[in-house]
Amino acid sequence: MAIRYNLLMVSHGQRGSASSQKQKEDNPVEPELIDSQTVSQFECKISGIEIAPGETRAILLKVSESFLSTAISIPVTVIRGWRDGPTAFVTAAVHGDEINGIDIVRRLMFEVDPKKLSGTLIAIPVVNIPGFLEQSRYLPYHRDLNRFFPGKKKGNNAERIAWKIFKEVISKCDFGIDLHTAARGRLNLPHVRGDMSHPMVRTLARAFDTTIIMHHKGLRGSLRKEATRAGVPTILFEAGETGKFSHRISGAGFRGVISVLAEMGMLKKDEKKEAPFQVIVKSSEWIRAEKGGILDLDVKPGDLTYKGDTIGSVLNPFGKTVVEIKAPATGIIVGVTTEPLTIPGTGIIHLARLKKTLAFVERSLRRRKRLDEEKMNLKRRQKDLKSKLKKKKLVLKKAGRTK
Ligand SMILES: [Zn+2]
């Protein structure tokens, strides 16, 4: 079959090659002790390119063209495990300026070993190439790609790109994870969003191991909603802010994706869970400024806030408080503005309301605090012991010299 798009295949370290047949002849990579019965039998093709069991392949998938008549192609890395299993996608930068996910996908591409993988992982670090090049959320003509899935073959520019991604990648998967950050000028607590009424989405979201899971069916045309509707249950990971890498956040995202892959039987399970608690939040709201001025915020993402607490103030240019901002409800702060100025209507904090789960969260946070204090005390005691031993050794050394 003729290759449909303009594709460039590149080898990926020792794992990939220009031809799987050639690779088998020149560089056999099948590990020892493998049971041939367990080797993946299914046909894995992205845009006409076949990926063999145990192979990692980097593919440039053409999705559009630029004003210079050149191809706009998406980098797709396919890691196909030796053994049969589900096919999963992990996408980042559907919004071109949300780059934290790129670092998460990078870690996956280099750390997921096909010898240890059951199934296939399709990793796309940058979905929205024009937006990424401009460091913008949008495609040309100010279109938000995440409102145009599953797309149309003969539609507008965004619909065509969405259609190709959906046809070549999403529709071939069993489940997926879409990585995002907060919009420009905002910072998000790492959390998962998904339609928790869908049993499989629920399993994926719980496995990601964030403290907060926001239940929401998703916006029409968004990748996660349309993929789920098309039979590919998908969750969304939100963390950090636009235009920045954070090792803490990409570490949490990477561990979350690995934990989901393990839950789905694609990798060996590691029982280590890090979140001090996990709650599903059904209601959240943006608390907005009523006055213009300079914002002095007292809270950060992850803080537990009670109804009536002062969460910040709006000051005038003389430094006087114009108004104190009070929390209208009890909940966890999942997002904050990073902009220091307000006008009436500016979103200041995104609050996930806690009702029935409040006591559970309080107990969990107290336990975590106690554990952290115990850990600190232990470290302090170890440090004291070390310095005492050091002193003792010095005294003995001196005594030895004076003899
Ligand atoms: Zn986004």
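## Strand pairing in the sheet

Strand 14 (residues 293-297) and strand 19 run antiparallel and are joined by two bridges. Within this pairing, Ile 294 has Leu 341 of strand 19 as its bridge partner. The model discussed here is predicted.

Both strands belong to an open sheet of four strands, ordered 17-16-14-19, with antiparallel pairing. Strands of a sheet pair through backbone hydrogen bonds, in either a parallel or an antiparallel manner.

## Helix 4

Helix 4 (residues 157-168) contains 12 residues, which at 1.5 Å a residue should span 16 Å; the end C-alpha atoms lie 17 Å apart, in agreement with that expectation.

The buried residues of helix 4 are Ala 158, Glu 159, Ile 161, Ala 162, Lys 164, Ile 165, Phe 166 and Glu 168. Their cover includes strand 2 (45-46) and strand 4 (56-65).

## Helix 7

For helix 7 (residues 247-263), the 17 residues should span 24 Å at 1.5 Å a residue, and the 24 Å between its end C-alpha atoms agrees. Gly 265, which follows helix 7, has a positive phi near 80 degrees.

Buried positions in helix 7 include Ile 249, Ser 250, Ala 252, Gly 253, Gly 256, Val 257, Ile 258, Ser 259, Val 260 and Leu 261. Among the elements covering the buried residues of helix 7 are the strands 6 (83-92), 8 (175-180), 9 (186-194) and 11 (234-240), together with helix 2 (100-111) and helix 5 (199-208).

Conventions
Residues are numbered from 1 along each chain as its sequence is written. This is a predicted model: local features need pLDDT of at least 70, side-chain atom pairs count only at pLDDT 80 or more; totals for chains, interfaces and linings use all residues. Two strands pair if DSSP finds at least two bridges between them. The expected span of a helix is 1.5 Å times one less than its number of residues. A residue is buried if 20 or more other C-beta atoms lie within 10 Å of its own, exposed if 12 or fewer, and partly exposed in between; C-beta atoms are placed from the backbone. Two residues are in contact if their C-beta atoms, placed from the backbone, lie within 7 Å.
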